[in-house]
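Here is a friendly tour of one protein model and its ligand. Have your viewer open and follow along.

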Amino acid sequence: MLQIQENVSLKNFNTFGVEANAKYFVEINRREELAELFLDPQWLQTKTLVLGGGSNLLLLNDFDGLVIRINIRGIEHRISHNDVFIEAGAGEVWNDLVNFCVVRGYAGLENLSLIPGSVGAAPIQNIGAYGVELQDVFRSCCTFELATGTFKTFTKEDCHFGYRESIFKSDLKGQYIIVSVKLQLSLIPHFNLKYGAIEQELANRNVTTPTLKDISQVVSHIRVSKLPDPSTIGNAGSFFKNPVISNEEFTLVQSKFPEIVHYPAGDGLVKLAAGWLIEQCGWKGKVYGHTGTWKNQALVLVNHGGATGQEVYAFSSEIIDSVYAKFGVSLQREVNIIS
Ligand code: EPU
């Protein structure tokens with residue numbers, strides 16, 4: 001029997017650690033429970049918020065609706081020749097899945113070590129780090145469609161993945177709940193070491209022929225050295241996306257700031273490093289009331305204790321305004337803003 005709780009604090013369910021209450025709250029442990037929940041038409045008319053690890057959102061206010069916490073567990077794996085097919089429940093912790101694969105020699109997720117959040121949240125923003133994105137290993141996901149109460153599979157093509165983007169964040173926002181994810185990994189590693197810091201850290205460790213475990217450890221080490229640990233200091237990883245601009249816009253901004261950090265993004269586009277832009281505006285390591293930017297990575301906003309969602313949001317607006325004033329570049333928030 002599903003238990004709907006009332007007036008539940010979400011402080012421990014968002015990695016920013018901001019205080020906000022949910023009017024209603026339910027935990028889903030099996031996919032069938034979603035169908036059961038929505039048999040009651042009341043919930044179809046209620047505003048809902050689906051929570052996984054709560055690691056990519058900022059709550060601005062109390063949530064005047066139903067928070068659905070997905071805790072569907074289970075990892076299944078099947079090997080065929082050199083391919084490994086994985087199906088993981090949306091409520092699995094992402095990094096537990098990475099470790100599950102790394103220790104068994106299943107290659108493909110090692111660069112995505114230590115990303116906070118749940119498996120079900122991974123496709124929504126096509127998580128990525130150190131030269132690898134979820135879409136590189138993704139096959140499909142099973143979802144629950146709220147409007148019809150049925151389960152529907154989305155293939156990789158259906159998901160319209162882009163840089164920190166998918167159809168679940170855009171056209172179909174709020175319409176589907178991811179219940180499980182299928183990935184295709186390999187027994188033969190294809191290491192992606194092009195990200196300089198990985199090569200450097202392998203060299204520091206005198207590793208010349210790395211294993212999956214080496215890569216996972218090195219990536220974890222880099223993350224820990226740059227990014228704040230949400231269990232000790234509230235944050236939601238990169239708060240903004242790295243902006244992608246046209247070659248023409250880039251030429252203009254580069255003429256004024258020749259040292260600007262940039263990467264080719266294909267199709268006549270250039271990606272800029274938001275962390276660099278923010279640092280150049282003098283924000284790196286700044287404390288702003290109870291919030292601020294992280295001392296080692298200006299792209300990450302943190303809660304120094306007692307910050308409200310509104311305060312973090314107001315700070316992020318100041319950063320957007322100052323980056324625009326200096327560079328003429330608009331930063332977009334990557335974190336989901338829940339009001
Ligand atoms: N930089 C600065 N100052 C800063 C931060 C960065 O000058 O305060 C410069 C760095 O020196 C470097 C460039 O900006 O030249 C890029 O920095 P970094 O390698 O730290 O990566 P990022 O572009 O800031 C992205 C992802 C991270 C991911 C890393 C590594 C986004 C929005 N963020 O950050 O993802 O871990 O690359 O692949 O794409 C996340 O999404 O939550 C996240 C942490």
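## About the model

This is a predicted model, in which local features need pLDDT of at least 70 and side-chain atom pairs count only at pLDDT 80 or more, while totals for chains, interfaces and linings use all residues. Residues are numbered from 1 along each chain as its sequence is written, and side-chain values use heavy atoms, with hydrogens and water left out.

## Around the ligand

Let's begin with the ligand. Its shell has 24 residues, and the closest are Tyr130, Tyr163, Arg164, Tyr195 and Glu279; a residue counts here if one of its heavy atoms lies within 4 Å of the molecule. By type, the shell divides into 12 nonpolar, five polar and seven charged residues. In this scheme Ala, Val, Leu, Ile, Met, Phe, Trp, Tyr, Cys and Pro are nonpolar, Asp, Glu, Lys and Arg are charged, and the others, Gly among them, are polar. At least two shell residues come from each of helix H5 (212-226), strand E13 (234-238), helix H7 (274-280) and strand E19 (297-303). Helices (H or I, at least four residues) and strands (E, at least two) are DSSP runs, numbered from the N terminus.

Several polar contacts (pairs of N or O atoms within 3.5 Å) are worth a look. Tyr130 places a backbone N or O atom 2.6 Å from an oxygen atom of the ligand. The side chain of Tyr163 has an N or O atom 2.7 Å from a ligand oxygen, and for a polar side-chain atom of Glu334 the distance to an oxygen atom of the ligand is 3.3 Å. The protein buries 82% of the 820 Å² that the ligand exposes when taken alone, using Shrake-Rupley areas with a 1.4 Å probe.

## The five-stranded sheet

An open antiparallel sheet has five strands in the order E6-E7-E12-E10-E11; two strands pair if DSSP finds at least two bridges between them. At its edges are E6 (75-80) and E11 (150-155), each pairing on one side only. From one strand to the next, the twist averages 20 degrees. Strand E10 (residues 138-145) is joined to E11 by six bridges, and Cys142 stands opposite Thr153 in E11.

Helix H3 (residues 94-104) packs on this sheet and touches E6, E7 (83-89) and E12 (176-186), with its direction at about 35 degrees to that of E6. Contact means heavy atoms within 4.5 Å, and angles run from 0 to 180 degrees between N-to-C directions of axes fitted to C-alpha atoms, for helices over the stretch in contact.

## The three-stranded sheet

Three strands form another open antiparallel sheet, ordered E14-E16-E15. Here the edge strands are E14 (244-246) and E15 (262-264), and neighbouring strands are turned by 35 degrees on average, direction ignored. E14 meets E16 (residues 269-272) through three bridges, with Ile245 partnered by Val270. Helix H6 (residues 247-256) lies across E14, E15 and E16, at about 95 degrees to E14.

## Hairpins and a loop

E17 (residues 287-288) and E18 (residues 291-294) pair antiparallel over two bridges, and Tyr288 has Thr291 as its bridge partner. In their hairpin, Gly289 takes a positive phi near 60 degrees. E18 then joins E19 through a hairpin of two residues, where Trp294 stands opposite Gln297.

Finally, which residues does Gly17 contact beyond its neighbours within four places in sequence? They are Lys11 and Asn303. Gly17 itself lies in the loop between E1 (5-9) and E2 (21-28).

How values were computed:
Polar contact = N/O pair within 3.5 Å; in protein donor to acceptor, adjacent residues only side chain to side chain.
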